[in-house]
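Visitor: I'd like to go through this one piece by piece. Can you show it to me?

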Amino acid sequence: MPVTYQAVFQYKKEKDELSLTRIMPDGSQDTEPVDLESIRQIDKTCQDLAWNLSPDISQKIGKDLFNLLNGDRQTLLRAFKEADDQGEILQIYVNPNGPTSNLPFELLYHNNFIVPSRAHITRRVSDWGHKKKLQPENRPLTILFMACSLEELSPVLEFEKEEETIYEVTKDLPIEIDVEDTGSLEGLAECLAINKYDVVHLSGHADIDNNGVPIFWMERSEEHTSELQS
């Protein structure tokens with residue numbers, strides 16, 4: 001059974017007040033005010049500095065965000081212990097609001113970056129337009145599958161097995177799947193220029209270069225590789 005931890009922010013614009021409700025895996029919860037100056041300082045760091053080029057700055061942001069969700073009562077650490085005891089990855093649900101809307105909670109850091117090794121984060125989107133009635137299209141869901149498997153990288157991807165699994169679990173569903181075979185940025189661009197897809201499923205290896213920039217390895221040809229920066 002999934003172990004969940006929820007962080008719900010509430011911002012009162014007229015009073016310029018921010019609070020955080022933390023909901024533990026057992027359902028217990030507490031609400032406390034949040035220092036807006038500290039939030040704005042984190043946001044300023046993200047905006048003013050090329051933090052994605054500096055592992056030290058990324059860690060600092062991640063530590064500040066971890067401390068924010070953890071609080072004085074160590075709620076997030078206790079949730080991690082519960083997940084560890086049950087042999088599960090912690091599911092963290094963040095409902096940002098106001099000044100916290102653009103904070104990079106995916107950078108959570110405690111001794112190490114904890115996403116995705118110890119936690120999965122789901123960020124609730126804005127309620128803007130939630131009452132709008134959308135007319136669904138009467139057509140199958142379209143999916144593009146592309147695997148980027150470079151011989152120089154390990155572990156070797158079992159992308160053929162993954163492709164077979166996708167076909168197997170969706171065989172009775174109204175889904176159309178296209179497969180891009182080159183694993184290249186050029187091949188992906190060509191597919192997206194010709195067709196519109198509801199889902200683009202990429203399999204490959206991610207890394208961080210010497211400048212601290214996250215990259216996704218893609219194929220270009222038998223002699224060369226290319227990097228798709230994320």
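Guide: One term before we start: a residue is called buried when its relative accessible area is under 20%, and exposed when that area is over 50%. Also, this is a predicted model.

Visitor: OK, helix 3 then. Which residues in helix 3 are buried?

Guide: Helix 3 covers residues 75-85, and its buried residues are T75, L76, A79, F80 and A83.

Visitor: Why are they on the same side of helix 3?

Guide: Because they cover an arc of only 140° around the axis.

Visitor: And what is exposed on the other side of helix 3?

Guide: K81 and D85 are exposed there.

Visitor: What covers the buried residues of helix 3?

Guide: Several elements do, including strand 1 (3-12), strand 2 (17-23), helix 2 (55-70) and strand 5 (119-123). Strand 3 (29-33) and strand 4 (90-95) are also among them.

Visitor: What comes just after helix 3?

Guide: G87, which takes a positive phi of about 70°.

Visitor: New topic. Where is M24?

Guide: M24 is in the loop between strand 2 and strand 3.

Visitor: Buried or exposed?

Guide: M24 counts as buried, because its relative accessibility is 9%.

Visitor: Which residues does M24 touch, leaving out those up to four places away in sequence?

Guide: T4, Y5, T75, R78 and A79.

Visitor: How many residues apart in sequence are M24 and L76?

Guide: They are 52 residues apart in sequence, while their C-alpha atoms are 8.1 Å apart in space.

Visitor: Is C191 buried or exposed?

Guide: C191 is buried, with a relative accessible area of 18%. C46 is buried as well, at 15%.

Visitor: Last one, the surface. Which residues make the nonpolar patch?

Guide: L192, V200 and L202 make a nonpolar surface patch of about 220 Å².

Visitor: Where is V200?

Guide: V200 is in strand 8, residues 199-203. V200 is partly exposed, because its relative accessible area is 39%.

Terms used: Residues numbered from 1 in each chain as written. Predicted model: local features only at pLDDT ≥ 70, side-chain atom pairs only at ≥ 80, totals over all residues. Heavy atoms only, no water. Buried < 20%, exposed > 50% of the residue type's maximum accessible area, 1.4 Å probe, protein only. Patch = residues over 30% accessible without salt bridge, like charges linked within 9 Å, V, L, I, M, F, W, Y side chains within 5 Å. Areas by Shrake-Rupley, 256 points an atom, 1.4 Å probe, with all protein chains shown as cover. Salt bridge = Lys/Arg side-chain N within 4 Å of Asp/Glu carboxyl O. Helix = DSSP H or I, 4+ residues; strand = E, 2+ residues; numbered from the N terminus. Arc of directions from axis to C-beta. Contact = heavy atoms within 4.5 Å.
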